[in-house]
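This report describes selected local features of the model shown below.

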Amino acid sequence: MIRNILIVIILMANLTSIAQQRQVGSFIIDETELYAMTKQMSQFFSRFNNEEDQFGKKYHPASEQWRNNEIRRRILPLLFDQQNQRTAGTLREYFLDDLTAGKGHFLEFLGGRWYAEVSATFEFQGRQVPISLILMIQRSGLGSKWVLTNVYFAQFNRMFPAGEIAEREKHFLHPMSHELDFMNIHKAFRQPEVIEYYASDDFQPDYLSIFFYEVKLGRMKFVRVESLKFHFFQIPNWYFEVSWFNRPGMNSGWLISNLMFVKEDEKQPLLKFYEP
């Protein structure tokens, strides 16, 4: 019995070795790391859901392997940045338990609540500045496309500071101003830096519109993309981040780089940053 088991193990090891090595001329190339690396985000989705094998061959949806939670429980740890304490330990185990319990939780490409964050350099007012562009997948016709939903530029945010409530209450137009043909409206423009205090209580600055305005005027010009990462809110009560790791070894490519337990009702304020 033991001898048979050893034979099976040896055969499996040989098959794996053959599959992961390729000869080019007189050189043998070890593709083990290539297969281990999650090279594309579509591959990250497939591996997260267990919709393909380790060589990228898709499972048939009717097969036992398709979205099999027992297999997922074993392979999901490989999708984490194993050099990061924030994505290890008990928190990760709780996350894996939630993902694979019952019918399981899976990522859906068109399921919404996942976003790309493109860190880019722009030229603005004679200098190069960092700007973060937020994008999401939107259905379009028979397919889908990425669309801009928000932008983060520190200078835009500094234009609209929250301000002290006492200071904000000093700036208002008297309710009887209409009886004087708004002759006092010049007050609102006396201090341009706080003109938003004269807006309604519901006012929220639209940074994406300001960004488009600056680009249209030619005052903000794209230079280059610096980096890319993704934010996921699809899994109930969890948030995680996926980043690119280009390094030797078996733990590389697109990996989970941050993980947080966030209750569903606590996600709404966070989602406003991605979809204002």
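In helix H8 (207-216), the residues Tyr207, Leu208, Ile210, Phe211 and Glu214 are buried, that is, under 20% relative accessible area with a 1.4 Å probe and protein chains only. They lie on the same side of H8 because they cover an arc of only 160° around the axis, the arc being that of the directions from the helix axis to the C-beta atoms. An α-helix has 3.6 residues a turn, so residues three or four places apart point the same way.

The model is predicted: local features need pLDDT of at least 70, side-chain atom pairs count only at pLDDT 80 or more, and totals for chains, interfaces and linings use all residues. Residues are numbered from 1 along each chain as its sequence is written, and side-chain values use heavy atoms, with hydrogens and water left out.

The buried residues of H8 pack against the following elements, with contact meaning heavy atoms within 4.5 Å.

| Element | Residues |
|---|---|
| strand S3 | 114-124 |
| strand S5 | 143-152 |
| helix H6 | 154-159 |
| strand S6 | 220-232 |

Strand S4 (residues 127-140) is also among the packing partners of H8. Ser132 is found in S4 and counts as buried because its relative accessibility is 15%. Leaving aside residues up to four places away in sequence, Ser132 touches Glu117, Val118, Ser119, Asn150, Val151 and Tyr152.

At the start of H8, a side-chain oxygen of Asp206 comes to within 3.2 Å of the backbone nitrogen of Leu208. After H8 comes Gly218, with a positive phi near 80°.

Methods. Helices (H or I, at least four residues) and strands (E, at least two) are DSSP runs, numbered from the N terminus. Buried means under 20% relative accessible area, exposed over 50%, partly exposed in between (1.4 Å probe, protein chains only). A polar contact is a pair of N or O atoms within 3.5 Å; within protein, one must be able to donate a hydrogen and the other to accept it, and residues adjacent in sequence count only if both atoms are side-chain atoms.
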